[in-house]
Amino acid sequence: MFAYILRKLLGLIPTFIGITLVAFFLIRLVPGDPVEIMSGEHQLTPAMHAEILQRFGLDRPLHEQYFDYLGKLVRGDLGQSLVSHEPVAKEFAALFPATVELAFAALLVATLLGLTLGIVASLKRGSWIDQGMMGLATVGYSMPVFWWGLILIMFFSVQLGWTPVSGRIAIEYDILPRSGLMLIDAALSDQPGAFRSAVLHLILPALVLGTVPMAVIARMTRSSMLEVLGDDYVRTARAKGLSPGRVVLVHALRNALIPVITVVGLQTGSLLAGAVLTETIFSWPGIGKWLIDSIGRRDYPVVQTGILVSATVFITVNLIVEVLYSVVNPRIRTEHTAQ
Amino acid sequence: MNTQALRTSVPSPIREFCAHYADNTGAVIAFGVFTLLVIAALFAPWLAPHDPIEQFRSHLLTPPVWTPQGSPQFLLGTDALGRDLLSRLIYGARVSLAIGLLSVVLSLIPGVLLGLVAAFQPRIVSPVIMRTMDVLLALPSLLLAIIIITIIGPGLVNTMIAVAFGALPAYTRLARAAALVEMNKEYVTASRVAGAGTLRLMLRTVLPNCMPPLIVKATLNFSSAVLETAALGFLGLGVQAPTPEWGSMLSAARDYIDRAPWVVTMPGITILISVLAINLMGDGLRDALDPKLKRNL
């Protein structure tokens, strides 16, 4: 098992190098001079321009800059933002928890709703309930996320006034960032109402970001459950006189979950892409919005980090899914060795 | 379905496909909706009641016709600049469908070719192609599209290229996997023994048999291309004003969310219905091309 994981990890090294190449060179292809964008309205003399280029090492040949970047990366140095002059790692550490919190909440919504829809639909196969639920899932799958966000804001925030429009917590609360996760920090603070405010801020963005994964999970759960429900061991469990709830939730679902877990894992990658849009609509201060703003500002180190992080998250999740899969199904492992 | 009729006469593959597709009511309705969209896109100048960029200054933010303040002149109302929403949506169908279709073609052809080459040249070429695709696949396609748009600039053609780029790796993987399965079959060996060259084996022998999963993938990709185009438009990076495009219409409507809900709802519903129709068609195609799968589920 350990050897299998190690082999997988070694196999990822070329992909990682490829990603650093893409992260480094792609953003440098963007037309526009970062120094000019940095200086904004100020007129720079050529001497000042050259000095700033030199200070950030942008005057050196590209391949030198790349190896310099790679060397620093290995040591965990992500560089300094060209705009805020803060270390990228520091900015990232402040914003990443917001995205993680949003993504987790979205995944929770997606899994709970998706599993429920999928299980109920599979049990009522062919009925109008099944058709209705799968219709709902197909609509969710086709939903333009940005519009869905606006519609929810229009209804819940503007019409009913139930939820706030943007941000992570109401402005009157001054929350000390301990974990970076607003729900936890608000719960730890002794300010009354802070936790409620954080929850209300999180609901709509999580629902919006969770919609597409929810639909995917619902469809997968249904088809996976249908396959399992016809199996002999489920019939045996029923024949033994177990309660229908126990048969479905313990015997059938446990085996039906394997492909569902894969889908949940793969959805994590698309959550990051969805986060770019969701964070923009709800002014959620996470890495999606930060990345979009930084591309516009030609902030090379920030964009490099953003690309690297999203790719790393995607690869790591995929690796975990593959390893989990080989735990469940040892044949995959041996096939790999045979190759 | 009438199985008796099928048994007595051997149906042509196309007829069998149509019969399977017709079984799926949702897919048939979706095909109807999609046909309407294509008609709207093709005949926009004749169907649209107004010029999509003409501004009716005396009719700013007119509500749809079914509301008390609505005007029969503007069936779905007007936007903040007094432009007719219905006309803009009809013309918008041109942009979305054109970008969707062309970006699928732009990613399908090179993607499939790369996949076939990777399958036929497993030693040196394949690892290079597949590792590159792994790298591209690891980046969220929307993020990749945004960076490419920033490099080559916004606009109709550039949006197409950016959207196509993100879809490329999936085709390469799929084509390679399908080709590897086919290459082990006897008909390919027979063709090789008969003296077929690599190019012929690739394009005439193997490729046609890899098509079903690729067609399904292309249909589903079409819908994500429409969504991604709208997302780029929404972020202000796609097709530029005053060209009517669904995503940028939504983005412009954000400021009127509390006063004029129709400017937000109409473009969104249009995007949703289009994407839904294409997805349902894709599901129908998949079931019809692989009837075994359908019977199992």
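This is a predicted model: local features need pLDDT of at least 70, side-chain atom pairs count only at pLDDT 80 or more; totals for chains, interfaces and linings use all residues.
I began with the fold of chain B, and from the N terminus on its elements run α-α-α-α-α-α-α-α-α-α-α-α-α. That comes to 13 helices and zero strands, where helices (H or I, at least four residues) and strands (E, at least two) are DSSP runs numbered from the N terminus. The C-alpha trace of chain B spans about 75 × 55 × 35 Å along its principal axes.

Residues are numbered from 1 along each chain as its sequence is written, chains are lettered from A and ligands numbered from 1 in the order in which they are written, and side-chain values use heavy atoms, with hydrogens and water left out.

**Where the chains meet**

I looked up the contacts next (heavy atoms within 4.5 Å). On this count, 37 residues of chain B are in contact with 42 residues of chain A. The buried area, meaning the accessible area (1.4 Å probe) that two parts lose on being put together, summed over both, is about 3600 Å² between the two chains, and carbon and sulfur atoms give 82% of it.

Which residues form the salt bridge? I found Asp283(B) paired with Arg219(A), with the closest N and O atoms 3.1 Å apart. The count between chain B and chain A is one salt bridge, the rule being a side-chain nitrogen of Lys or Arg within 4 Å of a carboxyl oxygen of Asp or Glu.

On the side of chain B that touches chain A, helices H6 (125-138), H7 (141-152), H10 (198-234) and H12 (261-289) of chain B give two or more residues each. H12(B) gives the most, with 13 residues. By class, I noted 27 nonpolar, four polar and six charged residues on this side. Here Ala, Val, Leu, Ile, Met, Phe, Trp, Tyr, Cys and Pro count as nonpolar, Asp, Glu, Lys and Arg as charged, and the others, Gly among them, as polar.

**Enclosed spaces**

My search of the whole structure turned up two cavities of 30 Å³ or more. On a 1 Å grid over the protein atoms alone, a cavity is a set of points where a 1.4 Å probe fits but cannot get out, and lining residues have an atom within 4 Å of a point. Grid points are joined across faces, edges and corners, and a volume is the space filled by probe spheres set on the points.

The largest cavity has a volume of about 110 Å³. Among its 13 lining residues, Leu272(A), Val276(A), Gly288(A), Leu291(A) and Ser310(A) lie nearest its centre. H7 of chain B supplies at least two residues of this lining, as do H11 (244-281), H12 (287-296) and H13 of chain A. H11(A) gives the most, with four. The lining has nine nonpolar, four polar and no charged residues.

The second largest cavity has a volume of about 30 Å³. Its lining includes Pro164(A), His201(A) and Phe282(A), and by class has four nonpolar, three polar and no charged residues.

**An open space**

Last, I checked the second largest pocket, which holds about 390 Å³ of space. A pocket is an open set with protein on both sides within 12 Å along at least five of seven lines. Its 19 lining residues include Phe56(A), Asp68(A), Lys72(A), Gly79(A) and Pro301(A), the closest to its centre. H4(A) gives the largest share of the lining, four residues.
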